Amino acid sequence: MESIDEFLLRRHYLDIHALLERGLSYYQISYLVKAGKLRKLNKQSYESLSFHGDPCDFFAVPAYAKKGVVALLSAAIYHGLSDERLIDLCVALPRGARVPNSPAYPPMHFVSFSEERYLLGKMIVQDEDGNSFWIYDREKTVCDVFFYRNKIGFEAAMGVLRSYLRSRGRDIDKLLLYGDALGIGKTLRRVLGILIYD
């Protein structure tokens, strides 16, 4: 089994359960904080100050919002569907969930989704070292951006839709299935008809 120092080199954000599963006691965790190897973020989460992997802001989401899912333009950027410059990460939470305070870095903006919108299209992204976060798949991201086009900006939303249509591996059937489930199927079909035959 690898040492705790090796473990902290690989894992950027950890919850208390991951540390306890490694055999650490609360006293040992407190010692690692005092020794400058861990930084306590909240009651449940820590940041490894020894981390030597590639930093990715998305991995911070579960540390601050356990139920958080990377959404809207942040998800579109991750999937290569937008090149918008965002100030903060957009994170979806289920309606009724406690909305945490945004960290100073990376700043996060929280949105509340109905249960159906929150659950549909969720997927996990995990690297080889066990760092992970939840995000919506490409088709769900396109549908959410299109649904919130008046808040996000019409041009930004249409840019995401155009990028999706030009991308490899697009699944129009899945996109329309999600659109129907989210109540935008009719409008989405009309817009797709214009863009595809334009």
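These are my notes on a few spots I looked up in this predicted model.

**Ground rules.** I number residues from 1 along each chain as its sequence is written. Since the model is predicted, local features need pLDDT of at least 70, side-chain atom pairs count only at pLDDT 80 or more, totals for chains, interfaces and linings use all residues, and side-chain values use heavy atoms, with hydrogens and water left out.

**Lys140.** I found Lys140 in helix α7, residues 138-147 (helices are DSSP runs of H or I, at least four residues, and strands of E, at least two, numbered from the N terminus). Buried or exposed, I wondered about Lys140? Lys140 is buried, at a relative accessible area of 0% (buried is under 20%, exposed over 50%, partly exposed in between, with a 1.4 Å probe and protein chains only). Leaving out residues up to four places away in sequence, I see Lys140 touching Phe113, Arg117, Leu120, Gly121, Tyr178 and Leu182 (contact is heavy atoms within 4.5 Å).

Leu72 sits in helix α5, residues 72-78, and is buried, with a relative accessible area of 8%. Next I looked up the cis peptide bond between Tyr105 and Pro106, where omega is about -10°. I place Pro106 in the loop between β5 (89-94) and β6 (108-113).
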